[in-house]
Amino acid sequence: MNTFIKSLATTRAGFGLTVLRVLVGITFMAHGSQKLFGWFGGYGLAGVAQWMESIGLAPGYLMALMAGSAEFFGGLALVIGLLVRPASAVLAFTMLVAIFSVHIGNGFFMADNGYEFALALLAATLALLIEGAGRLSLDKRIAG
């Protein structure tokens, strides 16, 4: 097997990280589906694009598409345990953008639209980036 693919898919993690991966993946999928499809009370691409433009993230449609796709498809990758490290890297970057472009000025707590929740998701994605997908994953199966 290609050494790069094997190193990408190898995991030392056990069942605990599998639980973290699946639950964080579901959370990201839900948030991404709000942005992309307007599900769960979201605004869909048009609404999110307009909002992103209003906070200075332009072009808004492209930014909304990128953020929504990163969250939805990255979350899907986490749920099924496939390419978890690359997905985690993209999701970590997405959370950094969210923290510094939206939440940082509101303080820490989520009640004030602070960065508390985004920071927790950033921590989870960094743990997955470092440790890999866990025992119950397609990555583990690919790596052998």
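Predicted model: local features only at pLDDT ≥ 70, side-chain atom pairs only at ≥ 80, totals over all residues.
## Annotated spans

UniProt, in an unreviewed entry, lists four spans under "transmembrane region".

Residues 61–83 are 87% helix and 0% strand. The end C-alpha atoms of that span are 26 Å apart. Residues 90–111 are 64% helix, again with 0% strand. Here too, 26 Å separates the end C-alpha atoms.

## The largest pocket

The largest pocket holds about 890 Å³ of space. Its lining counts 31 residues, and those closest to the centre are Lys 35, Trp 51, Met 52, Glu 71 and Ala 98.

At least two residues each come from α2, α3 (44–54), α4 (60–80), α5 (84–103) and α6 (116–131). Helix α5 gives the most, with nine residues. By residue class, the lining has 20 nonpolar, nine polar and two charged members.

## Lys 35 and its partner

Lys 35 belongs to helix α2, which runs over residues 15–37. Its relative accessible area is 17%, so Lys 35 counts as buried, the cut-off being under 20%. The Lys 35 side chain makes a polar contact with the side chain of Glu 71, at 2.9 Å. Both residues are among those closest to the centre of the largest pocket.

Leaving out residues up to four places away in sequence, Lys 35 touches Gly 44, Leu 45, Val 48, Ala 67, Gly 68 and Glu 71. A further distance places Lys 35 relative to Phe 73: the two are 38 residues apart in sequence, and their C-alpha atoms are 12 Å apart.

## Backbone exceptions

Most residues other than glycine have a negative phi, and most peptide bonds are trans.

The peptide bond between Ala 58 and Pro 59 is cis, with omega at about -5°. Pro 59 sits in the loop between α3 and α4.

Leu 83 is not a glycine, yet its phi is positive, at about 55°. The residue lies in the loop between α4 and α5. Leu 83 has 45% relative accessibility and is therefore partly exposed. Asn 113 also has a positive phi, near 60°, and is not a glycine. Its place is the loop between α5 and α6. With a relative accessibility of 40%, Asn 113 counts as partly exposed.

## The loop between α5 and α6

Asn 106 is found in the loop between α5 and α6. A relative accessible area of 34% makes Asn 106 partly exposed. A polar atom of the Asn 106 side chain lies 3.4 Å from the backbone oxygen of Val 102. Beyond its neighbours within four places in sequence, Asn 106 is in contact with Asp 112, Asn 113 and Gly 114. One of these contacts, Asn 113, is the residue with phi near 60°.

Ile 99 is in helix α5. Its relative accessible area is 4%, so Ile 99 is buried. Not counting residues up to four places away in sequence, Ile 99 touches Ile 104, Tyr 115, Ala 118, Leu 119 and Leu 122. Gly 114 is 15 residues from Ile 99 along the chain, and 8.2 Å separates their C-alpha atoms.

Ile 130 is in helix α6. At 54% relative accessibility, Ile 130 counts as exposed, since the cut-off is over 50%.

Note on methods: Residues numbered from 1 in each chain as written. Heavy atoms only, no water. UniProt positions renumbered as here; feature names shortened; annotations may be inferred. Helix = DSSP H or I, 4+ residues; strand = E, 2+ residues; numbered from the N terminus. Buried < 20%, exposed > 50% of the residue type's maximum accessible area, 1.4 Å probe, protein only. Polar contact = N/O pair within 3.5 Å; in protein donor to acceptor, adjacent residues only side chain to side chain. Contact = heavy atoms within 4.5 Å. 1 Å grid on protein atoms, 1.4 Å probe; cavity = no way out; pocket = protein on both sides within 12 Å on 5 of 7 lines; lining within 4 Å. Points joined across faces, edges and corners; volume = space filled by probe spheres on them. Nonpolar A, V, L, I, M, F, W, Y, C, P; charged D, E, K, R; others polar.
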